[in-house]
Amino acid sequence: MASDAKRILLVEDEKVIRDAVQAYLEREGYWVRSVGDGQSAVEEFEKHTFDLIILDLMLPKLSGERVCRAIRDTSDVPIIMLTAKGEVEDRIIGLELGADDYLIKPFSPRELVARVRALLRRARVEAEPQIEVLDFGDLVIDISGHKVMVEGKEVDLTASEFKLLTTLARYPGRVYTRMELVEKVLGYDFEGYERTIDSHVKNLRAKLGDDPRNPKWLYTVHGVGYRFEASEKPADADK
Ligand code: CA
């Protein structure tokens with residue numbers, strides 16, 4: 001990270017609100033990246049590290065609900081949902097999806113900044129003992145560093161392969177359906193994409209040197225999906 005400014009991803013399709021909120025947050029010393037639709041939000045989130053997300057609920061391309069779910073599959077980053085006045089149920093949905101807080105439009109920028117500060121403070125406290133590295137002996141997954149090592153050698157994975165591997169390896173033994181993996185890895189749920197999970201798994205196995213007929217880590221659950229299993233339990237390493 002270039003500076004120690006907290007990084008915020010702002011997702012809002014109404015340009016007037018987006019620009020105003022961005023300007024206000026920047027004046028408060030935050031580093032802000034803003035996008036106007038849900039798909040771009042997921043893409044930005046995959047490419048960069050953020051300390052907090054401000055997420056509008058009603059968005060073009062991919063709803064705030066879907067974006068929230070996609071982010072929550074891999075991250076505990078604080079999320080503040082923005083909802084229009086009267087969207088009471090949407091607000092509840094937002095919190096059920098794992099948003100940490102919500103603001104009803106119209107809101108004052110000062111109120112938003114107060115919520116941002118409070119959430120960042122809370123996140124810092126909760127983040128203290130965080131597992132950043134999943135160590136399975138021969139296979140080490142450095143989640144924060146976005147690195148995977150097999151027998152001490154770094155393996156070059158694509159963003160999707162990395163996400164697929166970390167999704168499975170975070171919960172060894174848990175079976176994921178292809179559909180779940182599509183949602184978690186690709187962030188959307190078109191049925192046609194289930195097969196792409198198979199090809200990601202195939203590539204991942206080739207890169208890790210994991211033989212599907214005699215797997216060390218990635219197991220096919222026939223007719224269902226995949227699960228991760230390792231002889232070694234993840235060590236609670238914090239780098
Ligand atoms: Ca909107």
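The model is predicted, so to speak of local features we require pLDDT of at least 70, and side-chain atom pairs count only at pLDDT 80 or more, while totals for chains, interfaces and linings use all residues. Residues are numbered from 1 along each chain as its sequence is written, and side-chain values use heavy atoms, with hydrogens and water left out.

Five strands, with parallel pairing, make up an open sheet in the order 2-1-3-4-5. Strands (E, at least two residues) and helices (H or I, at least four) are DSSP runs, numbered from the N terminus; two strands pair if DSSP finds at least two bridges between them. At the edges are strand 2 (31-35) and strand 5 (101-104), each pairing on one side only.

Strand 3 (residues 52-56) and strand 4 (residues 79-83) run parallel and are joined by four bridges. Asp-56 has Leu-82 in strand 4 as its bridge partner.

We turn now to the calcium ion. Which residues are its protein donors? They are Asp-13 (OD), Asp-56 (OD) and Met-58 (O), at 2.1 to 2.3 Å from the ion. Donors are N, O and S atoms within 2.8 Å of the metal (3.2 Å for Na, K and Ca); water is not among the atoms, so sites may look incomplete.

Asp-13 lies in the loop between strand 1 and helix 1, and Met-58 in the loop between strand 3 and helix 3 (64-72), 45 residues apart.

Finally, accessibility: buried means under 20% relative accessible area, exposed over 50%, and partly exposed in between (1.4 Å probe, protein chains only). Asp-13, at 32%, is partly exposed, whereas Met-58, at 52%, is exposed.
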